[in-house]
Amino acid sequence: MEIIPEAIAQYAEAHTSAARPLLKELERETWLRQLHPGMVSGELQGQLLTMLSYMLRPQSILEIGTFTGYATLCLAQGLQEGGVLDTIEINEELEPHIRHYLKAAEMSEKIRLHIGNALDIVPRMNQQFDLVFIDADKINYSRYYELVLEKVKKGGFILVDNVLWFGKVVDGSKDKDTEGIKLFNEKVQADSRVENVMLTIRDGIMMIRKL
Ligand SMILES: C[S@@+](CC[C@H](N)C(=O)[O-])C[C@H]1O[C@@H](n2cnc3c(N)ncnc32)[C@H](O)[C@@H]1O
């Protein structure tokens, strides 16, 4: 299902600041070399994440699901002086690509890449975060949410990608990914520990604030 009419999506992109050349190169390389390039955040969502990061000026950010590092570089833009972004990616084959772009962006000091399963790594993290971006496998969204909520500072934010799942959340689809996302959306909506707003940008972003 087309969530946003193509003409509107193009118009919105045409009236959004262009991504930096390095991000354009990263995105181009993602489309050339990756099996599922459509997972990359891309320009419109990337600029939104960059803006939010500049607005929040976080000290600590956690990303679950690095892929080729597009959102990682966008989110890191607004980090405070001395701030750090931790990002977790399960696919070790992506490591050389990610490290190449962290270095090219001169962000290797600010961004800590963890290769492994976020379900194992997050519980071992001994710190609190100002901002979390969840963008990994959809079946586990509710588990990631529970794991990170206790690690988000009071008043901190969680952003969750693909919460509209190409419209499948409303078309009666019963596959596991759709069920996982619907369960997650319902869980957040009923959770008195947070307040939330679902943005209909791209494939849907749930924006959550911990009370
Ligand atoms: C949609 S992509 C992330 C896109 C990226 N955040 C961006 O904006 O360009 C999802 C990524 O999550 C990774 N992933 C899936 N399950 C994971 C897990 N349990 N732990 C860490 N990463 C995982 C996948 O390998 C994939 O690279």
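1. Asp86 stands opposite Arg112 in β3. The two strands involved, β2 and β3 (residues 111–115), run parallel and share 5 bridges. Strands count as paired when DSSP finds at least two bridges between them. Helices (H or I, at least four residues) and strands (E, at least two) are DSSP runs, numbered from the N terminus. To get from β2 to β3, the chain passes through helix α5 (residues 95–104), and this β-α-β crossover is right-handed. Right-handed here has a set sense: with the strands pointing away from the viewer, the path from the first strand over the helix to the second runs clockwise.

2. A note on the model. This is a predicted model, in which local features need pLDDT of at least 70, side-chain atom pairs count only at pLDDT 80 or more, and totals for chains, interfaces and linings use all residues. Residues are numbered from 1 along each chain as its sequence is written.

3. β2 also pairs with strand β1 (residues 60–64), again in the parallel sense, over 5 bridges. Ile88 of β2 is the bridge partner of Ile64. With α4, β1 and β2 form a right-handed β-α-β unit.

4. How enclosed is β2? Largely, because 5 of its 6 residues are buried. Buried means 20 or more other C-beta atoms within 10 Å of the residue's own; exposed means 12 or fewer, and partly exposed lies in between, with C-beta atoms placed from the backbone.

5. The ligand has 18 residues around it; Ser41, Gly65, Phe67, Ala71 and Ala118 come nearest. A residue is near if its C-beta atom, placed from the backbone, lies within 6 Å of the molecule. Elements giving two or more residues to this shell are α4 (70–76), β2 (84–89) and α6 (118–124). The shell has 11 nonpolar, 4 polar and 3 charged residues. Ala, Val, Leu, Ile, Met, Phe, Trp, Tyr, Cys and Pro count as nonpolar, Asp, Glu, Lys and Arg as charged, and the others, Gly among them, as polar.

6. Helices α7 (residues 141–149) and α8 (residues 176–189) have axes that come within 8 Å and cross at roughly 35 degrees. Axes are lines fitted to C-alpha atoms over the stretch in contact, and angles run from 0 to 180 degrees between N-to-C directions. On the α7 side, Tyr141, Ser142 and Tyr145 meet Gly180, Ile181, Leu183, Phe184, Lys187 and Val188 of α8. Contact means C-beta atoms, placed from the backbone, within 7 Å. The contact comprises 6 nonpolar, 2 polar and 1 charged residues.

7. Ala7 lies in helix α1 (residues 6–14). Ala7 counts as exposed because it has 8 C-beta neighbours inside 10 Å.

Note on methods: Contact = placed C-beta atoms within 7 Å.
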